[in-house]
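Please keep the sequence and the model in view while working through the numbered points.

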2 protein chains.
Amino acid sequence: MARTAGSHSALTAPRIREAAQVLFAQQGFAAVSMRQIAAEVGVQVGALYNYTADKQSLLFDLMTAHLEDLLAALDARPLPEDPVAALEVFTRFHIRFHAERPDAVFIAYMELRNLTPDNFAAVEALRHRYEDRLTAILASGQQTGAFRIEDPRIATMAIIAMLTGVNTWFRQSGRLSLEDVEAIYWDMTRRMVAD
Amino acid sequence: MARTAGSHSALTAPRIREAAQVLFAQQGFAAVSMRQIAAEVGVQVGALYNYTADKQSLLFDLMTAHLEDLLAALDARPLPEDPVAALEVFTRFHIRFHAERPDAVFIAYMELRNLTPDNFAAVEALRHRYEDRLTAILASGQQTGAFRIEDPRIATMAIIAMLTGVNTWFRQSGRLSLEDVEAIYWDMTRRMVAD
DNA sequence: CCTTGATCTGAACAAGCGTTCAGATACAAC
DNA sequence: GTTGTATCTGAACGCTTGTTCAGATCAAGG
């Protein structure tokens, strides 16, 4: 019935997002309750509604924040003019960015079905913007003759699926460093499209 | 309170599995209720328990049936001795088999988190058996010099992620036939591992 | 110290969940 | 037609859900 001592919205808001992200990634959006998220944060369930309109908004905000960060981080890296060099930058960037946020990535790929149609459309638009960046690199390389690709759009889907697949098995504590993985996957990507 | 006219277990059992598969693929295991599945079949929720021990068993059975079908279908195809030819057979097989059962594939990849630890272990073992088949092809090719691969296990993960990714976009009604897609992906796969 | 606003608690609400099971009807065999 | 079995219905059980909101406490400012 009372405010928790030491409570402060600047602390609680990020803790809610973090708790939601971990639990959604571990168990899935529909399987996790708002009460579980609240317990993880250390508040009662009613407190969550000071920070999110509802459960659906919480998921949508997590997904769009991740995708907007992804796009912003990519935009912050000027891609080389040379398509081969640009593809290498993109490949390493994708692997590293995704490996550093496994929960957010997992949610962004796995929880699309739990979005309402409007939210789904908004998230798809962001995903397409990201995919378009790679398609542009591939189309440019196809045009200059640096790449031999039948269809840049399909090659985009293939490359992103392969690169994102790293997250299903890569562990920082594994026998390969992230640098090793980047090198191996860059080699495979390069050969996939090389003339 | 009474038996439905025309009811017959040989009809109801497959209908329950089919309804569960479609709904689990569309909405996710946790978001779908047993009542929804029953409604789709045309029975009351209590009737489902003549055919499945519980909701978790229903999911587990769908997943293992799919993976066992996958392994059996692969076993039914003698792979060529030549690693390159074997890899082509595997690639085309994987794409076709998966494209023909999008819901089952989707569930097998997306609903792992909803399995109990024991069930998860059993399903993982089946997935590893399938992955091992590709690793064996790649290791053989690496040994004979037909492939230049740094790590057959990682190449396996990369290839399967890429091939399974086809299911996220391919539609039978799309501008490309399944044959076209097989050809494009075989070309990319071959180049990824070629010496 | 008092006042105001911030931030939470705690319980309620309406609805739904997975699972069980007594009993009713349909079906098949004689 | 009778009997036994199959297959379901329908309701109950214990529990949980997402969301709301009146009110209690904490924090900050004057």
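How much area do chain B and chain A bury between them, and what percentage of it is on carbon and sulfur atoms?

1. The interface. The model is a predicted one. In this model, chain B and chain A bury about 2700 Å² between them, and carbon and sulfur atoms carry 60% of that area. On the side of chain B, the residues that lose the most area to chain A are Arg113(B), Ile154(B) and Arg191(B); together they make up 29% of what that side buries. The size of an interface is often given in this way, as the accessible area lost when the parts come together.

2. Contacts and charges across the interface. The contacts can also be counted by residue: 35 residues of chain B are in contact with 35 residues of chain A. Five salt bridges are counted between chain B and chain A. A salt bridge also joins the side chains of Arg148(B) and Asp187(A), at 4.0 Å from N to O.

3. The fold of chain A. Chain A has eight helices and zero strands, so that its pattern along the sequence reads α-α-α-α-α-α-α-α. Its C-alpha atoms fill a box of roughly 70 × 40 × 30 Å along the principal axes. Of the 195 residues of chain A, 49% count as buried. Among the contacts in chain A with a separation of 6 or more, 67% come from residues 24 or more positions apart.

4. Asn167(A) in its loop. Is Asn167(A) buried or exposed? This residue lies in the loop between α7 (152–164) and α8 (178–193) of chain A. Asn167(A) counts as buried because its relative accessible area is 18%, and the cut-off for buried is under 20%. Leaving aside neighbours within four places in sequence, Asn167(A) is in contact with His98(A), Ala99(A), Pro102(A) and Val105(A).

5. Ala99(A) lies in helix α4, which covers residues 83–99 of chain A. With a relative accessible area of 12%, Ala99(A) is buried. Not counting residues up to four places away in sequence, Ala99(A) touches Asn167(A), Phe170(A), Gln172(A) and Leu178(A). Ala99(A) and Thr64(A) are 35 residues apart in sequence, and their C-alpha atoms are 18 Å apart in space.

6. Ser57(A) lies in helix α3 (residues 55–75) of chain A. Its relative accessible area is 21%, and therefore Ser57(A) is partly exposed; buried would require a value under 20%. Ser57(A) and Thr116(A) are 59 residues apart in sequence, while their C-alpha atoms are 9.8 Å apart in space.

7. How many cavities of 30 Å³ or more does the count give? The count comes to one cavity, and about 90 Å³ of space lies in the largest cavity. Sixteen residues line the largest cavity, and the closest to its centre are Gly28(A), Glu111(A), Asn114(A), Arg113(B) and Asn114(B). By class, this lining has six nonpolar, six polar and four charged residues.

Definitions and conventions: Residues numbered from 1 in each chain as written. Chains lettered and ligands numbered in written order. Predicted model: local features only at pLDDT ≥ 70, side-chain atom pairs only at ≥ 80, totals over all residues. Heavy atoms only, no water. Helix = DSSP H or I, 4+ residues; strand = E, 2+ residues; numbered from the N terminus. Buried < 20%, exposed > 50% of the residue type's maximum accessible area, 1.4 Å probe, protein only. 1 Å grid on protein atoms, 1.4 Å probe; cavity = no way out; pocket = protein on both sides within 12 Å on 5 of 7 lines; lining within 4 Å. Points joined across faces, edges and corners; volume = space filled by probe spheres on them. Nonpolar A, V, L, I, M, F, W, Y, C, P; charged D, E, K, R; others polar. Contact = heavy atoms within 4.5 Å. Buried area = accessible area lost by both parts, 1.4 Å probe.
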